[in-house]
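Here is a short report on one protein chain.

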Amino acid sequence: MSEIILTPELRPLGKSGLLVSPIAWGMWRFGQSSVAEGRALIDAAFVAGVTLFDTADIYGFNGVNGFGDAETLLGKVFAEDATLRDRMILATKGGIRPPLPYDQSTAYLTEALDASLTRLGVESVDLYQIHRPDILTHPQEVARVLEDMVSSGKVRAIGVSNFTIPQIRALEAFLTIPLASLQPELSPLELGPIENGLLDLAMERDHAVLAWSPLGGGRIGSPEDDRSKAVAAALDVVAEQAGVSRAAAAYAWIMAQPARAIPIVGTQNTARIAEIADVYKVRFTRQSWYDVLIASRGERLP
(Lines give C-alpha, C1' and ligand atoms only; values in the text may rest on other atoms or scores of the structure.)
Protein backbone atom coordinates (compact mmCIF):
# COMPACT_ATOMS: atom_id res chain seq x y z
CA MET A 1 0.00 0.00 0.00
CA SER A 2 1.39 3.41 -0.97
CA GLU A 3 2.67 5.70 1.77
CA ILE A 4 2.26 9.45 2.22
CA ILE A 5 5.75 10.94 2.29
CA LEU A 6 6.43 14.19 4.14
CA THR A 7 9.53 16.24 3.39
CA PRO A 8 11.17 19.20 5.17
CA GLU A 9 11.54 21.45 2.14
CA LEU A 10 10.25 25.00 2.47
CA ARG A 11 6.91 25.68 0.79
CA PRO A 12 5.04 28.81 -0.33
CA LEU A 13 2.90 30.62 2.22
CA GLY A 14 -0.11 30.90 -0.05
CA LYS A 15 0.43 33.54 -2.73
CA SER A 16 2.55 35.75 -0.49
CA GLY A 17 5.87 34.96 -2.12
CA LEU A 18 7.21 33.85 1.27
CA LEU A 19 8.68 30.40 1.81
CA VAL A 20 8.10 28.72 5.17
CA SER A 21 8.85 25.48 6.97
CA PRO A 22 6.18 22.72 6.91
CA ILE A 23 5.80 23.10 10.69
CA ALA A 24 5.60 26.29 12.76
CA TRP A 25 6.39 27.03 16.37
CA GLY A 26 3.88 29.00 18.42
CA MET A 27 4.41 31.39 21.33
CA TRP A 28 1.12 31.22 23.22
CA ARG A 29 2.95 30.57 26.51
CA PHE A 30 6.28 32.10 25.49
CA GLY A 31 5.92 35.26 27.62
CA GLN A 32 6.35 33.23 30.80
CA SER A 33 10.01 32.45 30.04
CA SER A 34 13.17 34.40 30.81
CA VAL A 35 15.19 35.90 27.96
CA ALA A 36 17.73 33.07 28.17
CA GLU A 37 14.98 30.44 28.23
CA GLY A 38 13.24 32.15 25.31
CA ARG A 39 16.44 32.13 23.28
CA ALA A 40 16.94 28.42 24.02
CA LEU A 41 13.43 27.63 22.80
CA ILE A 42 13.95 29.58 19.58
CA ASP A 43 17.31 27.90 18.98
CA ALA A 44 15.69 24.48 19.50
CA ALA A 45 13.03 25.34 16.93
CA PHE A 46 15.68 26.40 14.41
CA VAL A 47 17.57 23.13 14.94
CA ALA A 48 14.32 21.23 14.33
CA GLY A 49 13.94 22.98 10.96
CA VAL A 50 11.36 25.59 11.90
CA THR A 51 11.42 28.94 10.12
CA LEU A 52 7.82 30.08 10.75
CA PHE A 53 7.28 31.56 14.22
CA ASP A 54 3.74 32.47 15.30
CA THR A 55 2.88 34.93 18.04
CA ALA A 56 0.13 37.47 18.84
CA ASP A 57 -0.35 40.62 20.86
CA ILE A 58 -2.79 38.81 23.19
CA TYR A 59 -0.29 36.05 24.01
CA GLY A 60 0.67 36.38 27.65
CA PHE A 61 -2.66 37.89 28.73
CA ASN A 62 -4.12 36.09 31.74
CA GLY A 63 -7.45 37.88 31.89
CA VAL A 64 -6.09 40.71 34.01
CA ASN A 65 -2.64 41.62 32.72
CA GLY A 66 0.16 40.31 30.54
CA PHE A 67 -1.14 41.65 27.21
CA GLY A 68 1.83 41.74 24.82
CA ASP A 69 4.17 39.71 27.04
CA ALA A 70 5.09 37.15 24.36
CA GLU A 71 5.93 39.87 21.83
CA THR A 72 7.87 41.80 24.48
CA LEU A 73 9.97 38.78 25.38
CA LEU A 74 10.67 38.04 21.73
CA GLY A 75 11.74 41.67 21.31
CA LYS A 76 14.20 41.26 24.17
CA VAL A 77 15.61 38.14 22.51
CA PHE A 78 16.00 40.07 19.25
CA ALA A 79 17.72 42.91 21.14
CA GLU A 80 20.41 40.48 22.28
CA ASP A 81 20.87 38.96 18.80
CA ALA A 82 19.32 40.83 15.89
CA THR A 83 20.37 38.11 13.43
CA LEU A 84 17.61 35.85 14.73
CA ARG A 85 14.95 38.03 13.15
CA ASP A 86 16.45 37.56 9.70
CA ARG A 87 16.40 33.78 10.08
CA MET A 88 12.66 33.51 10.63
CA ILE A 89 9.35 34.21 9.01
CA LEU A 90 7.71 36.21 11.79
CA ALA A 91 3.93 36.13 12.16
CA THR A 92 1.81 37.98 14.67
CA LYS A 93 -1.87 38.66 15.16
CA GLY A 94 -4.12 41.44 16.44
CA GLY A 95 -7.74 42.45 16.73
CA ILE A 96 -8.56 41.09 20.20
CA ARG A 97 -8.93 43.99 22.61
CA PRO A 98 -9.84 43.03 26.16
CA PRO A 99 -12.40 43.60 27.50
CA LEU A 100 -14.34 44.63 24.34
CA PRO A 101 -13.40 41.85 23.22
CA TYR A 102 -12.82 42.32 19.45
CA ASP A 103 -11.98 45.46 17.49
CA GLN A 104 -11.00 45.55 13.82
CA SER A 105 -11.70 49.21 13.20
CA THR A 106 -9.10 51.05 11.15
CA ALA A 107 -7.98 53.13 14.12
CA TYR A 108 -7.48 50.18 16.44
CA LEU A 109 -5.80 47.78 13.99
CA THR A 110 -3.39 50.53 12.93
CA GLU A 111 -2.59 51.16 16.59
CA ALA A 112 -2.32 47.44 17.35
CA LEU A 113 0.18 46.80 14.55
CA ASP A 114 2.39 49.70 15.61
CA ALA A 115 2.27 48.50 19.22
CA SER A 116 3.28 44.99 18.14
CA LEU A 117 6.20 46.32 16.11
CA THR A 118 7.35 48.39 19.09
CA ARG A 119 7.20 45.43 21.47
CA LEU A 120 9.03 43.22 18.98
CA GLY A 121 11.59 45.91 18.22
CA VAL A 122 11.26 45.38 14.47
CA GLU A 123 10.27 47.52 11.52
CA SER A 124 8.00 44.92 9.93
CA VAL A 125 6.46 41.47 10.32
CA ASP A 126 6.19 38.91 7.55
CA LEU A 127 2.60 37.86 8.28
CA TYR A 128 -0.11 39.80 10.12
CA GLN A 129 -3.34 37.98 10.85
CA ILE A 130 -6.68 39.12 12.23
CA HIS A 131 -6.95 36.96 15.34
CA ARG A 132 -10.73 36.56 15.62
CA PRO A 133 -13.49 38.15 13.54
CA ASP A 134 -15.07 41.39 14.73
CA ILE A 135 -18.73 41.16 13.74
CA LEU A 136 -19.18 44.92 14.20
CA THR A 137 -16.60 45.91 11.56
CA HIS A 138 -17.51 45.76 7.88
CA PRO A 139 -15.15 43.48 5.90
CA GLN A 140 -14.47 46.32 3.48
CA GLU A 141 -12.96 48.36 6.32
CA VAL A 142 -10.86 45.39 7.43
CA ALA A 143 -9.66 44.87 3.85
CA ARG A 144 -8.60 48.49 3.50
CA VAL A 145 -6.59 48.56 6.71
CA LEU A 146 -4.86 45.25 5.85
CA GLU A 147 -3.93 46.62 2.44
CA ASP A 148 -2.64 49.81 4.08
CA MET A 149 -0.43 47.69 6.36
CA VAL A 150 1.14 46.03 3.33
CA SER A 151 1.54 49.24 1.32
CA SER A 152 3.20 50.90 4.32
CA GLY A 153 5.91 48.23 4.30
CA LYS A 154 5.13 47.20 7.87
CA VAL A 155 3.58 43.87 6.80
CA ARG A 156 4.54 41.56 3.94
CA ALA A 157 1.49 39.26 3.89
CA ILE A 158 -1.93 39.08 5.53
CA GLY A 159 -4.15 36.33 6.91
CA VAL A 160 -7.04 35.54 9.22
CA SER A 161 -7.48 33.27 12.21
CA ASN A 162 -10.70 31.59 13.37
CA PHE A 163 -12.77 33.03 10.50
CA THR A 164 -15.69 31.09 9.06
CA ILE A 165 -15.86 30.37 5.34
CA PRO A 166 -18.49 33.11 4.72
CA GLN A 167 -16.35 35.59 6.67
CA ILE A 168 -13.29 34.68 4.59
CA ARG A 169 -15.23 35.06 1.35
CA ALA A 170 -16.67 38.40 2.41
CA LEU A 171 -13.22 39.76 3.28
CA GLU A 172 -11.68 38.49 0.05
CA ALA A 173 -14.44 40.17 -1.95
CA PHE A 174 -13.00 43.53 -0.87
CA LEU A 175 -9.29 42.67 -1.02
CA THR A 176 -7.10 43.53 -3.99
CA ILE A 177 -4.13 41.60 -2.59
CA PRO A 178 -3.98 37.87 -1.78
CA LEU A 179 -5.11 36.53 1.55
CA ALA A 180 -2.08 34.38 2.35
CA SER A 181 -3.23 32.28 5.29
CA LEU A 182 -6.03 30.85 7.38
CA GLN A 183 -5.45 29.78 10.98
CA PRO A 184 -8.12 27.37 12.26
CA GLU A 185 -8.07 24.90 15.10
CA LEU A 186 -7.24 21.55 13.50
CA SER A 187 -6.19 18.24 15.00
CA PRO A 188 -7.14 14.57 14.91
CA LEU A 189 -9.71 15.57 17.55
CA GLU A 190 -10.88 18.77 15.84
CA LEU A 191 -12.12 17.88 12.37
CA GLY A 192 -14.03 21.08 11.67
CA PRO A 193 -11.81 22.37 8.84
CA ILE A 194 -11.93 18.94 7.16
CA GLU A 195 -15.68 18.58 7.41
CA ASN A 196 -16.93 22.16 6.96
CA GLY A 197 -15.05 22.83 3.72
CA LEU A 198 -12.36 25.17 5.05
CA LEU A 199 -9.51 23.01 3.76
CA ASP A 200 -11.26 22.73 0.41
CA LEU A 201 -11.52 26.51 0.23
CA ALA A 202 -7.82 26.77 1.08
CA MET A 203 -6.92 24.44 -1.78
CA GLU A 204 -9.24 26.27 -4.17
CA ARG A 205 -7.79 29.70 -3.37
CA ASP A 206 -4.22 28.74 -2.48
CA HIS A 207 -4.37 29.74 1.18
CA ALA A 208 -1.78 28.40 3.57
CA VAL A 209 -3.44 26.69 6.53
CA LEU A 210 -1.81 27.17 9.94
CA ALA A 211 -3.26 24.64 12.37
CA TRP A 212 -3.43 25.74 15.99
CA SER A 213 -3.77 23.27 18.88
CA PRO A 214 -2.65 20.30 16.73
CA LEU A 215 -2.57 18.05 19.81
CA GLY A 216 -6.16 18.80 20.75
CA GLY A 217 -5.32 20.96 23.72
CA GLY A 218 -3.25 18.17 25.29
CA ARG A 219 -5.98 15.52 24.93
CA ILE A 220 -3.94 13.55 22.40
CA GLY A 221 -0.98 13.33 24.74
CA SER A 222 -3.10 12.58 27.80
CA PRO A 223 -6.38 11.08 26.59
CA GLU A 224 -9.11 10.67 29.20
CA ASP A 225 -12.35 10.04 27.30
CA ASP A 226 -13.09 7.11 25.00
CA ARG A 227 -12.83 9.16 21.80
CA SER A 228 -9.42 10.61 22.69
CA LYS A 229 -8.17 7.15 23.69
CA ALA A 230 -9.31 5.68 20.39
CA VAL A 231 -7.54 8.41 18.41
CA ALA A 232 -4.39 7.99 20.51
CA ALA A 233 -4.41 4.25 19.87
CA ALA A 234 -4.74 4.74 16.11
CA LEU A 235 -1.89 7.26 16.14
CA ASP A 236 0.26 4.96 18.26
CA VAL A 237 0.14 2.26 15.58
CA VAL A 238 1.85 4.61 13.12
CA ALA A 239 4.10 6.21 15.73
CA GLU A 240 5.46 2.86 16.87
CA GLN A 241 6.17 1.78 13.30
CA ALA A 242 8.20 4.98 12.76
CA GLY A 243 9.82 4.99 16.20
CA VAL A 244 8.50 8.46 17.02
CA SER A 245 6.24 10.05 19.62
CA ARG A 246 2.46 10.16 19.35
CA ALA A 247 2.76 13.94 18.98
CA ALA A 248 4.91 13.56 15.86
CA ALA A 249 2.34 11.16 14.41
CA ALA A 250 -0.43 13.67 15.13
CA TYR A 251 1.47 16.44 13.34
CA ALA A 252 2.08 14.13 10.39
CA TRP A 253 -1.62 13.22 10.22
CA ILE A 254 -2.49 16.91 9.85
CA MET A 255 0.22 17.46 7.23
CA ALA A 256 -0.75 14.43 5.12
CA GLN A 257 -4.01 15.96 3.87
CA PRO A 258 -3.43 17.67 0.49
CA ALA A 259 -4.15 21.18 1.84
CA ARG A 260 -0.72 20.66 3.46
CA ALA A 261 -1.70 22.33 6.72
CA ILE A 262 1.18 23.61 8.85
CA PRO A 263 0.84 22.50 12.48
CA ILE A 264 1.75 25.18 15.02
CA VAL A 265 3.65 23.35 17.73
CA GLY A 266 3.01 25.09 21.03
CA THR A 267 5.28 23.22 23.43
CA GLN A 268 7.68 25.30 25.51
CA ASN A 269 9.89 22.28 26.21
CA THR A 270 13.13 22.07 24.22
CA ALA A 271 13.11 18.25 24.14
CA ARG A 272 9.60 18.20 22.71
CA ILE A 273 10.50 20.91 20.22
CA ALA A 274 13.28 18.61 19.04
CA GLU A 275 10.62 16.00 18.20
CA ILE A 276 9.36 18.26 15.42
CA ALA A 277 12.02 16.85 13.08
CA ASP A 278 10.71 13.34 13.72
CA VAL A 279 7.57 14.09 11.73
CA TYR A 280 9.39 13.32 8.49
CA LYS A 281 9.96 9.73 9.65
CA VAL A 282 6.22 9.07 9.81
CA ARG A 283 4.60 7.15 6.96
CA PHE A 284 0.83 7.13 6.83
CA THR A 285 -0.95 4.88 4.36
CA ARG A 286 -4.49 5.67 3.27
CA GLN A 287 -5.67 2.94 5.61
CA SER A 288 -3.82 4.19 8.67
CA TRP A 289 -4.77 7.83 8.00
CA TYR A 290 -8.44 6.92 7.68
CA ASP A 291 -8.16 4.74 10.80
CA VAL A 292 -7.42 7.92 12.77
CA LEU A 293 -10.31 9.74 11.12
CA ILE A 294 -12.71 6.89 11.90
CA ALA A 295 -11.53 6.79 15.51
CA SER A 296 -12.17 10.52 15.81
CA ARG A 297 -15.62 10.35 14.24
CA GLY A 298 -16.54 7.30 16.26
CA GLU A 299 -18.30 5.69 13.32
CA ARG A 300 -17.51 3.92 10.10
CA LEU A 301 -17.18 5.81 6.85
CA PRO A 302 -20.34 5.90 4.70
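## Charge pairs

Asp103 and Arg97 join their side chains in a salt bridge, 2.8 Å from N to O. A salt bridge here is a side-chain nitrogen of Lys or Arg within 4 Å of a carboxyl oxygen of Asp or Glu. Asp103 is buried at 12% relative accessible area. Arg97 is partly exposed at 30%. Buried means under 20% relative accessible area, exposed over 50%, and partly exposed in between (1.4 Å probe, protein chains only).

Lys93 pairs with Asp54, with the closest N and O atoms 2.8 Å apart. Lys93 sits in strand E6 (residues 89-94) and Asp54 in strand E5 (residues 52-54), so the bridge ties together parts 39 residues apart in sequence. Both residues, Lys93 and Asp54, are buried. Arg39, Asp43 and Asp81 form a salt-bridge network. The whole structure holds 14 salt bridges.

## Model basis

The model is predicted: local features need pLDDT of at least 70, side-chain atom pairs count only at pLDDT 80 or more, and totals for chains, interfaces and linings use all residues. Residues are numbered from 1 along each chain as its sequence is written, and side-chain values use heavy atoms, without hydrogens and water.

## Overall fold

The chain has 12 helices and 12 strands. These are DSSP runs (helices H or I, at least four residues; strands E, at least two), numbered from the N terminus. The C-alpha trace spans about 55 × 45 × 35 Å along its principal axes. Of the 302 residues, 53% are buried.
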